[in-house]
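Thanks for making the time this morning. I would like to talk through how the parts of one protein chain sit against each other, so please have the model open while I speak.

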Amino acid sequence: MKREDCEALDREDPLRPFREQFELPAGLIYLDGNSLGALPRATAARLAEVTRREWGQDLIGSWNRNGWVDIPQRVGDKIGRLIGAAPGQTVAADSTSINVYKALSAALKLQPQRRVIVSERGNFPTDLYIAEGLIAQLGGGYQLRLIDSPEDLPAALDASVAVVMLTHVNYRSGRLWDLAATTQAVHGAGALMLWDLAHSAGAVPLAVDDAGADFAVGCGYKYLNGGPGAPAFLYVAQRHQHAATPLSGWFGHAAPFAFETGYRPAEGIARWLCGTPSVLAMSALEVGVDLLLEASMAQLRAKSLRQCELFLFLVASQCKDCGLQLASPSDAARRGSQICLSHEQAWPIMQALIAQGVVGDFRAPDVLRFGFTPLYTRYCDVWDAVAVLSRVMRQEIWRRPEYQTRLVVT
Ligand SMILES: *Cc1c(COP(=O)(O)O)cnc(C)c1O
């Protein structure tokens, strides 16, 4: 395997034209699109249009004239296409944390005889924090039951379980749950299924309707390339949309502009909105989602699998005996679009990599995380990234004092 082989793969890549659609600094290899997606070229122009023309000129009239009022549903339905949801079941709104709160709360209300939320100890912490906070708020014997691995799920399912909340692709390891089989097992125990798709949407093919998922949430700023702090999304299967939302804000009211004194919930997915959508952020998110919708998810997955395999092959051959361990499943079918390596010096190693132009990230306590975003990652980037990693390890560049200081955001 030579660098020329990677150049050939890039030439034949059907997704190759998409890279041109992103602003990426020259000379930088960006393997962190799973944490903050890259900036689509069209975003700045779209934001200029929304600010100057829609906001600046059309002002308040934009809510009707420029479709601002429907933007959560419009962008939500587009995200629905990425996750396999028929229209009318997905909204872009709020943050993932808040959507977890809405979905968990509704699921518990739908299951009044049951008191247990099942999740994973290794889940993204905010999901667990929200569950804890909700339980504290509800009182009445609710409890969070944590499992340590997928094998523990069957034993955790009993008649007390109201809802199972799992992150489809684990943020730290990249391990992927079987969405359909897990949902089926959870339903078999009479519980509801809430999926967090933060590391899945835009990265792996998804079919939430076919799987029979009850609720799903996910992020706009990761693989959807919606920009820092982009609105998140919430999927509520049509059969559950009548449930009670805990955040009964006016955008979820049946007639927001009737300004009635009492809350009267809207029918359908609109009920799952709370307050005024962030139009600027939504507009940026829509550009990212539109771009993804132009690509074939099957091609994205195929390229992602190939890039992950290439990365692992190159690490095995060029970083032998460097003390790097694979912290992701070795079976590609059980991984999302990221590879994690562990090393006890993971923090300074990642700092050294970033200083040499290879941007991944660090996850405590010892994980080096590399995300592969096939819309804009080239096979040559994979080659070059491993060459830099090998140099950082062999020459022990990570030992330099400037790479030892911990920053707030890792
Ligand atoms: C990134 C991520 C979040 C982030 O939630 P915010 O409310 O957007 O900060 C939540 N859950 C998972 C699984 C994530 O990966």
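Predicted model: local features only at pLDDT ≥ 70, side-chain atom pairs only at ≥ 80, totals over all residues.

How many residues of domain 1 are in contact with domain 2? There are 25 residues on the side of domain 1, and they meet 18 residues of domain 2. As for the size of this interface, domain 1 and domain 2 bury about 1700 Å² between them, with 62% of that area on carbon and sulfur atoms. Within domain 1, the residues that lose the most area to domain 2 are Met297, Arg334 and Gln338, which together account for 29% of what that side buries.

Turning to the polar side of the interface, the rule finds zero salt bridges across domain 1 and domain 2, although it does find seven residue pairs in polar contact, both partners being at pLDDT 80 or more.

Which elements of domain 1 supply at least two residues each to the side that touches domain 2? They are α11 (297-318), β12 (338-342) and β15 (367-371), and the largest share, three residues, comes from α11. By residue class, that side of domain 1 divides into 14 nonpolar, six polar and five charged residues.

Conventions. Residues numbered from 1 in each chain as written. Heavy atoms only, no water. Contact = heavy atoms within 4.5 Å. Buried area = accessible area lost by both parts, 1.4 Å probe. Salt bridge = Lys/Arg side-chain N within 4 Å of Asp/Glu carboxyl O. Polar contact = N/O pair within 3.5 Å; in protein donor to acceptor, adjacent residues only side chain to side chain. Helix = DSSP H or I, 4+ residues; strand = E, 2+ residues; numbered from the N terminus. Nonpolar A, V, L, I, M, F, W, Y, C, P; charged D, E, K, R; others polar.
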